[in-house]
Amino acid sequence: MTDETLVSLARQELPYRTEAFSELVRRYEPRVFRTCKRVLGDEEEARDAAQEVFLRVFRGLRGFEAKARFRTWLFRIVANVCSDRLSRRAPEEPYGDDPPELPSDPPGTPEHGEVFRAFSLLSPEDRTILSLRFVSELSLEEIAGSLEISLSAAKMRLYRALERFRERYRELEAKNPRQV
């Protein structure tokens, strides 16, 4: 069943029946959680954020006008929830000493830890756009819609975030040449 069909059914069912909504949650929860985890850097906070995302979806689904695809709208909520949570943190609060791992990343490779350390040194905005692209696997058009920016701005932000990631990785590599 397509997302559009499930959304239509969920809009009809909610709030008394939740079968279609539950299917949307099953379909997207792993990706939403991984994205929150990469952006926020904390597994427990990512769980809370993912729950908050789906609560907002539940509350807002009846008003969803389908001007954008459901997936784009969902990840706009993900970006907003993560941004809100990051803005409530103390400015000096770090991303974390142990950056979270993604299931698809090959643990045990020498580059593994340095990649996550480099990622953890990025700004929240850079982590968000990179996570939307490489964890959530959104297209540039979907990223633009999720962040409510133009397609050209999404391309430029992604390009710049990738450049900053490369710089951080090279800096770490230069400091620890034996480990990378």
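In which loop is the place of Glu137? In this predicted model, Glu137 sits in the loop between helix 6 and helix 7, and its phi is near 60°, a positive value in a residue other than glycine.

**Overall architecture and helix 4**

- The C-alpha atom of Arg71 is separated by 9.6 Å from that of Glu4, a residue that is 67 residues away along the chain.

**Cysteines and their surroundings**

- The count of disulfides in the model comes to zero, and Cys36 is accordingly in no disulfide, the nearest cysteine sulfur being that of Cys82, 3.8 Å away.
- In general terms, a disulfide is a covalent bond between the sulfur atoms of two cysteines.
- Both cysteines are shielded by the protein: Cys36 is buried, with a relative accessible area of 0%, and Cys82 is buried as well, with a relative accessible area of 1%.
- Ala49, which lies in helix 3 (residues 43-60), counts as buried at 0% relative accessibility.
- Computed along the sequence Ala49 and Cys82 are 33 residues apart, whereas in space they are 6.9 Å apart, C-alpha to C-alpha.

**The largest pocket**

- The largest pocket has a volume of about 330 Å³, and 15 residues line it, of which Ser83, Pro124, Glu125, Thr128 and Leu147 are the closest to its centre.
- Four helices each supply at least two residues of this lining, namely helix 4, helix 6 (124-134), helix 7 (140-147) and helix 8 (151-175).
- By class, the lining is made up of five nonpolar, five polar and five charged residues.

**Loops and backbone geometry**

- In general, most residues other than glycine have a negative phi, and most peptide bonds are trans.
- The peptide bond from Leu14 to Pro15 is cis, with omega near 5°, and Pro15 is found in the loop between helix 1 and helix 2.
- Glu148 has a phi near 55°, a positive value in a residue other than glycine, and its place is in the loop between helix 7 and helix 8.
- Glu148 is exposed, with a relative accessible area of 57%, which is over the 50% cut-off for that label.

**Side-chain polar contacts**

- Arg17 lies in the loop between helix 1 (3-13) and helix 2 (19-40), where it is partly exposed, with a relative accessible area of 47%.
- The side chain of Arg17 is joined to that of Glu19 by a polar contact of 3.4 Å.
- Glu163 is found in helix 8 and counts as partly exposed at 27% relative accessibility.
- A polar contact of 2.6 Å joins the side chain of Glu163 to that of Arg166.
- As background to contacts within a helix, an α-helix has 3.6 residues a turn, so residues three or four places apart point the same way.

How values were computed
Residues numbered from 1 in each chain as written. Predicted model: local features only at pLDDT ≥ 70, side-chain atom pairs only at ≥ 80, totals over all residues. Heavy atoms only, no water. Disulfide = S-S within 2.5 Å. Buried < 20%, exposed > 50% of the residue type's maximum accessible area, 1.4 Å probe, protein only. 1 Å grid on protein atoms, 1.4 Å probe; cavity = no way out; pocket = protein on both sides within 12 Å on 5 of 7 lines; lining within 4 Å. Points joined across faces, edges and corners; volume = space filled by probe spheres on them. Nonpolar A, V, L, I, M, F, W, Y, C, P; charged D, E, K, R; others polar. Polar contact = N/O pair within 3.5 Å; in protein donor to acceptor, adjacent residues only side chain to side chain.
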